[in-house]
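Let's take a walk through this protein together.

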Amino acid sequence: MKFAVFVSGNGSNLQAIIEAVKSGEIKAELALVFSDRRKAYALKRAKEAGIPTLCLLRKDYATPQSYERDIIIQLKEMDIDFIVLAGFMKVFTPFFIKKYPNQILNVHPSLLPSFKGARGIKDTFTYGVKVTGVTIHFADDKMDHGPIIMQESFRIAERETLESLEERVHQVERKIYPKAIAMFVEKRLKVSGRRVKILEKPVKK
Ligand code: GRF
C-alpha cells in the first residue's frame, strides 16, 4: 500500500510516521508528503528523509473544487491508496472525500467532539477541563467530525501551563497516530456508520 501525508506546519507527527515506516511498524510506503504551505517545516523533514514532496497553494486556483481536482490527479497518478492528515489545516469538500471514502485519517489534539478547530489545545486549556487527550479519526467533509478510530485521555495537572499541555498532547499524538495507521494498513479497522471496530491482530504461528 502507498500513502501520502498531508501537512501545513511543523510536522512532528510526520516525523513519528516516517520513523514508524522505517522501523516496519507501519507496513506501507510513504510515497508523498503534500503541503498547502511553502514554508511548512514538515517539507524540510520530508526532504531530509528522501520522500517526494508536492506543494500546491489554494490561492492559485479559482475554486476549492479545481484545487482538489488537481490534488486528486496527482494522487491517482502516484497510485496513492490512502491519506494521512498530520496538521493539515484545510477541510475537504465532499468531492474530495468521495474519492477516498474512509481512507483519510486525521489527528486532533483534544477528545472530540470537544474543542474542534485549529486551536484545540489552547481552547481546552482556557476552558479549564480536567481531562483531555488526543483523537484519531477518519476525516469527512465536516471539520474534526468523522468516525473515531482511537482516543487516549490524560488528566490535566493543577500546575499545567499551555506549553506543558502542548508538549503532553504532542507526545500522545506521536505515540498513538502511528499505531492507528498501522492498524489501518493491516485492515483491522472496520467502519460501520460512526463506529469503528478494531479487529484483533491475527496471532502469528
Ligand atoms: C497537531 O497537534 C495535530 O493534532 C493538529 O495540528 C498539530 C500538528 O502538529 N491537527 P505537527 O505539524 O504534526 O507538529
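Which residue stands opposite Leu-105 in β5? It is Val-84. Keep in mind as you look that this is a predicted model.

Strand β4, residues 82-85, pairs with β5 in the parallel sense, over three bridges.

Now turn to strand β6, residues 131-138. Four bridges join β6 to β5, and these two strands run antiparallel. Here you can find His-108 standing opposite Thr-135 in β6.

Next, look at the side chains of β5 itself. In a regular strand, side chains alternate between the two faces of the sheet. In β5, Ile-104, Asn-106 and His-108 point one way, while Leu-105 and Val-107 point the other way. Is the strand buried or exposed? Five of the five residues of β5, which spans 104-108, are buried, so the strand is largely enclosed by the rest of the structure.

A backbone N or O atom of Asn-10 lies 3.4 Å from one, an N or O atom in the side chain of Ser-12 is 2.6 Å from one, and a polar side-chain atom of Glu-173 lies 2.3 Å from one. On its own the ligand has 370 Å² of accessible area, and the protein covers 85% of this.

Note on methods: Residues are numbered from 1 along each chain as its sequence is written. This is a predicted model: local features need pLDDT of at least 70, side-chain atom pairs count only at pLDDT 80 or more; totals for chains, interfaces and linings use all residues. Side-chain values use heavy atoms; hydrogens and water are left out. Buried means under 20% relative accessible area, exposed over 50%, partly exposed in between (1.4 Å probe, protein chains only). Two strands pair if DSSP finds at least two bridges between them. A polar contact is a pair of N or O atoms within 3.5 Å; within protein, one must be able to donate a hydrogen and the other to accept it, and residues adjacent in sequence count only if both atoms are side-chain atoms. Accessible areas come from the Shrake-Rupley method with a 1.4 Å probe; for residues, only the protein chains shown count as cover.
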